[in-house]
Amino acid sequence: MTIRELQPRRVFEIFDEITKVPRPSKKEEKIRQYLLDFAKAHNLEAKTDKVGNVVIKKPATPGHEDAPTVIMQGHMDMVCESNDKNFDFENTPITTVIDGEWVRAEGTTLGADNGIGVAAALAAMTDPDLVHGPLEALVTVDEETGMTGAFGLGDDMISGSILLNLDSEDDAEIFVGCAGGVDTVCTFSYRRSFSPKDFTYFKIDISKGQGGHSGGDIHLGRANANKLLARFLFNLTKKYEVSVAEIDGGNLRNAIPRAAHAVIGVHTSKKENVCVALNHFIADIENEYAGLEPTLEIKMESVDAPEYCIDSETSVNLIRSLYSAPHGVISMSRDLEGLVETSTNLASVKMKDTDKIIVTTSQRSSVDSRKWDIANQVEALFLLAGAEVTHGEGYPGWQPNIESPIMKIASEAYQELYGVTPAIKAIHAGLECGLFLQKFPHLDMVSFGPTLRGVHSPSEKMHIPAVERFYEQLKLTLKKVGEMKK
């Protein structure tokens, strides 16, 4: 069986088409054209705004023109993570695999976040049997790396009063709130110095961590490769003079780093000591993360001496700050049991040009003041280490409305279909809903979707039976709203 033969067939056919269209964040030209071509092929009105968002509109089923207009919303970009560092996300389609009751990709992120939400919206727009009021499908750009689509959404793009965000990841759950977030970027300026000639050089490589979504998976306690690397290097610097020639870890602000590496040197007389230290370190990490990180690998190999290294003062400050930087859950919500309130992710460490090292972190919280508190703590730490620190614009959270009419309709739809009352929750991940509400305060919103696991990592997978339940819930919700009057 191929993915196009799965049920609901129309949803999976469109999802299959979407996986064949390259769509990294900030490079959405091809997927935008696909959406516009889709609308044209189905005689649907479509338009874009100056930042590249797309809205597709469909008139109401005859007799339901007076119903409220519903906006189905998803984002067109995807997180691009691969086990193959050479995988070309800008030009290569995703290869999907059916694995029992799950769909996954061959060695890369699947892009079900949020390709399946977009596919469901397009399927609903073209379902000849669906009775509905006026519909709008809003597909935004750059959700994963800045939410610039939601920030820049044109004032005249949407006209609906109800918004269904189709970007959640758990069956039988309806989300009515989300965390806000802000990125904190710390830049070290370093001087290049000639590598000591009496040193032996090693490449330390940490790879194949579980990674995951820095919001939805942060509470699982998975290893952060940047933190592990800094920990090992810090302990080395306590005993030996260490020369750092190269350091790199993580990629995306919203993904827990799965891999990191460094090229370091120690005096040749100490090379055996470093090998022994690494063996002890590996044993400690295997013990600490037993059951959590079954595929994590830590290796070291000898390499040729590089011509240059980072100056010693900067390398010490960098290692100390990375080791002491907070990562993970900071506090839990007192209002919703089991919900992470505040967290921070030590996301990436990158050497740029010939004199800059950029450390990117991401803070989230459902309490705006706590979001800025942890961001300022990160700032204070890296300022002490001599870095320049800037904060991004950030994005607001979405305050839960337990009295939301559309929440009750979506909940009733699921209960009628499957005899289960879905859980009403907030999510620690960031959704675009807070930004929509800021610009269009009249909107009544909920978020729901099928079960996804391993999002933002090559382990991403989508539960096939949950997709059918998700789509049936969407259709019944649209039908119920279509039977209402404004």
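**Entry 1: α1 and α2.** I started with this pair, keeping in mind that the model is predicted. I get an angle of about 140 degrees for the packing of α1 and α2, and the axes are 11 Å apart. Anything over 145 would count as roughly antiparallel, so I have to file α1 and α2 as oblique to each other. Next I looked up who touches whom: from α1 I listed Arg10, Ile14, Glu17 and Ile18, and across from them Ile31, Tyr34 and Phe38 of α2. Sorted by class, that contact gives me five nonpolar and two charged residues, with no polar ones.

**Entry 2: α5 and α6.** I then moved to helix α5, residues 225–239, and helix α6, residues 271–288. Their axes come within 11 Å and the crossing is at roughly 140 degrees. Oblique again, then, for α5 and α6. I also checked the hand, and α5 and α6 cross in the right-handed sense. On the α5 side I noted Leu228, Arg231, Phe232 and Leu236; α6 brings Val274, Ala277, Leu278, Phe281, Asp284, Ile285 and Glu288. My tally for the contact of α5 with α6 is eight nonpolar residues, three charged and no polar.

**Entry 3: α9 and α11.** Another pair: helix α9 covers residues 405–418 and helix α11 covers 464–482. Here the axes come within 9 Å and cross at roughly 125 degrees. By that angle I put α9 and α11 down as oblique to each other. The hand of the α9 and α11 crossing is right-handed. By class I get nine nonpolar, two polar and six charged residues in the contact of α9 with α11.

**Entry 4: cis peptides.** I went looking along the backbone next. Gln7 and Pro8 are joined by a cis peptide bond, with omega about 0 degrees. Pro8 sits in the segment before α1, the helix of residues 9–19. I also found a cis bond from Asp113 to Asn114, where omega is near 10 degrees. Asn114 belongs to helix α3, residues 112–125. I've flagged that bond for another look.

**Entry 5: positive phi.** Which loop holds Asn43? I placed Asn43 between α2 (29–41) and β1 (45–48). Asn43 is not a glycine, yet its phi is positive, about 55 degrees. With 72% relative accessibility, I count Asn43 as exposed.

Met147 also has a positive phi of about 55 degrees without being a glycine. I found Met147 in the loop that runs between β6 (135–140) and α4 (148–151). Is Met147 buried or exposed? Its relative accessibility is 2%, so I wrote it down as buried.

**Entry 6: Glu81.** I wanted to know what surrounds this side chain. Glu81 is in the loop between β3 (70–75) and β4 (96–99). The relative accessibility of Glu81 is 8%, and under 20% counts as buried, so that is my label for it. What does the side chain of Glu81 join in a polar contact? I found the side chain of Arg258, at 3.4 Å. Leaving out residues up to four places away in sequence, I listed the residues that Glu81 touches: Phe89, Gly107, Thr108, Thr109, Asn251, Leu252, Arg258, His456, Ser457 and Pro458.

**Entry 7: Ile116.** Last one for today. Ile116 lies in helix α3. Its relative accessible area is 1%, so Ile116 goes into my buried column. Outside the four places on either side in sequence, Ile116 is in contact with Val11, Phe15, Gly111, Pro450, Met462, Val467 and Phe470. I also checked the separation of Ile116 and Leu252: 136 residues in sequence, and 21 Å in space from C-alpha to C-alpha. Leu252 is one of the residues that Glu81 touches, from my previous entry.

Terms used:
Residues are numbered from 1 along each chain as its sequence is written. This is a predicted model: local features need pLDDT of at least 70, side-chain atom pairs count only at pLDDT 80 or more; totals for chains, interfaces and linings use all residues. Side-chain values use heavy atoms; hydrogens and water are left out. Axes are lines fitted to C-alpha atoms, for helices over the stretch in contact, and angles run from 0 to 180 degrees between N-to-C directions. Helices (H or I, at least four residues) and strands (E, at least two) are DSSP runs, numbered from the N terminus. Angles under 35 degrees count as roughly parallel, over 145 as roughly antiparallel, 65 to 115 as roughly perpendicular and the rest as oblique. A crossing is left-handed if the near helix is turned anticlockwise from the far one by less than a right angle, and right-handed if clockwise. Contact means heavy atoms within 4.5 Å. Ala, Val, Leu, Ile, Met, Phe, Trp, Tyr, Cys and Pro count as nonpolar, Asp, Glu, Lys and Arg as charged, and the others, Gly among them, as polar. Buried means under 20% relative accessible area, exposed over 50%, partly exposed in between (1.4 Å probe, protein chains only). A polar contact is a pair of N or O atoms within 3.5 Å; within protein, one must be able to donate a hydrogen and the other to accept it, and residues adjacent in sequence count only if both atoms are side-chain atoms.
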